[in-house]
Amino acid sequence: MDVMEAIEKRTSVRAYQDKPIPEETLKKILKAARLAPSARNAQPYKYIVVKDARMREKLANEATPYHFIGEAPVILVAVALQPDYVMRCEVPAYAVDVGIAFDHVTLVAVEEGLGTCWIGAFYQKPAKQILNIPEKYKVVAILPVGYPADGAGKKSRKSLNELVCYDTFTE
Ligand SMILES: Cc1cc2nc3c(=O)[nH]c(=O)nc-3n(C[C@H](O)[C@H](O)[C@H](O)COP(=O)(O)O)c2cc1C
């Protein structure tokens, strides 16, 4: 599968089969995160692979409003280790770094027949407590990974004309 095909196929998956992910496949997905670029190549993150069924359920039910997350055989949690670092451009690096790494993950997941769903609507405090994450760090994203239990969703996107302007900014 080429990159564009994976981009076109990826949609958010919110229902998962009760089927484990082979260890080799999981390793490949984590490698995709590992190879992502980061500001200053600092790689200031840690990925928690939540596989234990009780932990998944606890995380889903107590740290998010979504039960379906716990049904995925794996939940990846990205933790920023330098949440205060802001780049010269005045943009915090951690969200960009993790965004790129998890996008690698979502695309390799598609190649492996897996689905994912980026979860931003989680509760920071319970997520940290459940996963034993020190207060000074920040949970950036929660990403269930598993074999989809429903058909692919349809992408709804703005047109290129709406999204792109040339040479200077226009509304
Ligand atoms: C930063 C971010 C946060 C998101 N948070 C949630 C979320 O909390 N719950 C959810 O169901 N989907 C969440 N999504 C998924 C988006 O709703 C989804 O990507 C968007 O509707 C486009 O659909 P598609 O992913 O199927 O192409 C999030 C996506 C991104 C990129």
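Two strands are said to pair if DSSP finds at least two bridges between them, and the strands themselves (E, at least two residues), like the helices (H or I, at least four residues), are DSSP runs numbered from the N terminus. Please keep in mind that this is a predicted model, in which local features need pLDDT of at least 70 and side-chain atom pairs count only at pLDDT 80 or more, while totals for chains, interfaces and linings use all residues. Residues are numbered from 1 along each chain as its sequence is written, and side-chain values use heavy atoms, with hydrogens and water left out.

Let me start with strand E2, which covers residues 74-80. Strand E1 (residues 45-50) runs antiparallel to E2 and is joined to it by six bridges, and here tyrosine 45 has alanine 80 of E2 as its bridge partner. E2 also pairs in the antiparallel sense with strand E4 (residues 138-146), over seven bridges, where isoleucine 75 has proline 144 of E4 as its bridge partner.

How many of the seven residues of E2 are buried? Seven of the seven are, where buried means under 20% relative accessible area, exposed means over 50%, and partly exposed lies in between, with a 1.4 Å probe and protein chains only. Both faces are covered, with Val74, Leu76, Ala78 and Ala80 on one side and Ile75, Val77 and Val79 on the other.

In soluble globular proteins, nonpolar side chains tend to be buried together.

Leucine 30 has its place in helix H2, yet leucine 30 counts as partly exposed because its relative accessibility is 26%.

Finally, let us turn to the ligand. The residues around it, each with a heavy atom within 4 Å, include Arg10, Ser12, Tyr66, Gly120 and Arg157. Among the polar contacts, which are pairs of N or O atoms within 3.5 Å, a polar side-chain atom of serine 12 lies 2.6 Å from a ligand oxygen atom, and a polar side-chain atom of arginine 157 lies 2.8 Å from an oxygen atom of the ligand.

Key:
A polar contact is a pair of N or O atoms within 3.5 Å; within protein, one must be able to donate a hydrogen and the other to accept it, and residues adjacent in sequence count only if both atoms are side-chain atoms.
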